Amino acid sequence: MKVLLNQDVKGTGKKGEIIDVSDGYARNFLLPRKMATPADASAVNAANIQKSAAQHRKFTAGVKARENAAALEGKRITLHARVGENGKLFGAITAKEISAALKEQQGIDLDRKKISVDPIKTTGEYLAKASLFENVSTTFTVVVTE
């Protein structure tokens, strides 16, 4: 019996695949648990439409990430912080604060999880790396002043 998998099934296949399984396995295990649907023409067509929509979303996300990388490349972000003796900060500058400054100063909304920088504990200039998408990353400068 041919079925279309609705989710990953260990030892059987991945979500969206059309596989041939025994009738008993399909009727007694996959279909009652809604792990699969019978592979008729409408189910196959719906799966193909979903795959093409997902590919299109991934493509547009990649294009937007490349545009953001080009806009962010070589930019300087300035952050002001309270400073104690010897130029040491009270606390540290983290990716969350850098993300907020990027949005405020450059208008680029970037998730803090995509920014990699060591905690900044003194004033000065630092390089930060932003991984925007698969194989799309850029660097920018973070300037910390008093």
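Predicted model: local features only at pLDDT ≥ 70, side-chain atom pairs only at ≥ 80, totals over all residues.
Strands S8 and S9 form a hairpin with two residues between them, and Asn 135 in that turn has a positive phi of about 60°. Helices (H or I, at least four residues) and strands (E, at least two) are DSSP runs, numbered from the N terminus. Asn 135 is not a glycine, yet its phi is positive. It counts as exposed, at 84% relative accessibility. The cut-offs are these: buried means under 20% relative accessible area, exposed over 50%, and partly exposed in between, with a 1.4 Å probe and protein chains only.

Residues are numbered from 1 along each chain as its sequence is written, and side-chain values use heavy atoms, with hydrogens and water left out.

On confidence, pLDDT is the predictor's confidence in each residue, from 0 to 100. The protein chain averages 89, and 100% of the residues score at least 70.

Four strands form an open sheet in the order S4-S9-S8-S6, and the pairing is mixed. Two strands pair if DSSP finds at least two bridges between them. At the edges are strand S4 (76-80) and strand S6 (115-116), each of which pairs on one side only. Helix H2 (residues 41-72) packs on this sheet, touching strand S8 (124-133) and S9, and the direction of H2 makes about 165° with that of S8. Contact here means heavy atoms within 4.5 Å. Axes are lines fitted to C-alpha atoms, for helices over the stretch in contact, and angles run from 0 to 180 degrees between N-to-C directions.

How do the neighbours in this sheet run, parallel or antiparallel? S4 and strand S9 (residues 136-145) run parallel and are joined by five bridges. S8 and S9 run antiparallel, with nine bridges. S6 and S8 are also antiparallel, over two bridges. Individual residues can be followed across the sheet. Leu 79 stands opposite Val 144 in S9. Ser 116 has Lys 129 in S8 as its bridge partner, and Lys 129 in turn stands opposite Thr 139 in S9. In a regular strand the side chains alternate between the two faces of the sheet.

Helix H3 lies across S4, S6 and S9, running at about 115° to S4. Ser 99 lies in H3, which spans residues 95-105. Is Ser 99 buried or exposed? Ser 99 counts as buried, because its relative accessibility is 12%. Not counting residues up to four places away in sequence, Ser 99 touches Leu 110, Asp 111, Arg 112 and Ile 115.

Three bridges join strand S1 (residues 2-5) to S2, and Leu 4 has Ile 18 in S2 as its bridge partner.

Between H1 and S3 there is a loop that contains Lys 34. Lys 34 is a residue other than glycine with a positive phi, near 60°, and it counts as exposed at 63% relative accessibility.

Finally, I turn to H1. A search of the whole structure finds one aromatic pair. Tyr 25 and Phe 29 form this pair, which is stacked, at 5.4 Å centre to centre and 10° between the planes. Rings of Phe, Tyr and Trp (its six-membered ring) pair if their centres lie within 6.5 Å; planes under 30 degrees apart count as stacked, over 60 as edge-to-face and the rest as tilted. Both residues lie in H1 (residues 23-30), four residues apart, about one turn of the helix. Tyr 25 is partly exposed, at 29% relative accessible area, and Phe 29 is partly exposed at 28%.

Asp 23 is also found in H1 and is partly exposed, at 40% relative accessibility. A polar atom of the Asp 23 side chain lies 3.4 Å from the backbone nitrogen of Met 1.

Definitions and conventions: Polar contact = N/O pair within 3.5 Å; in protein donor to acceptor, adjacent residues only side chain to side chain.
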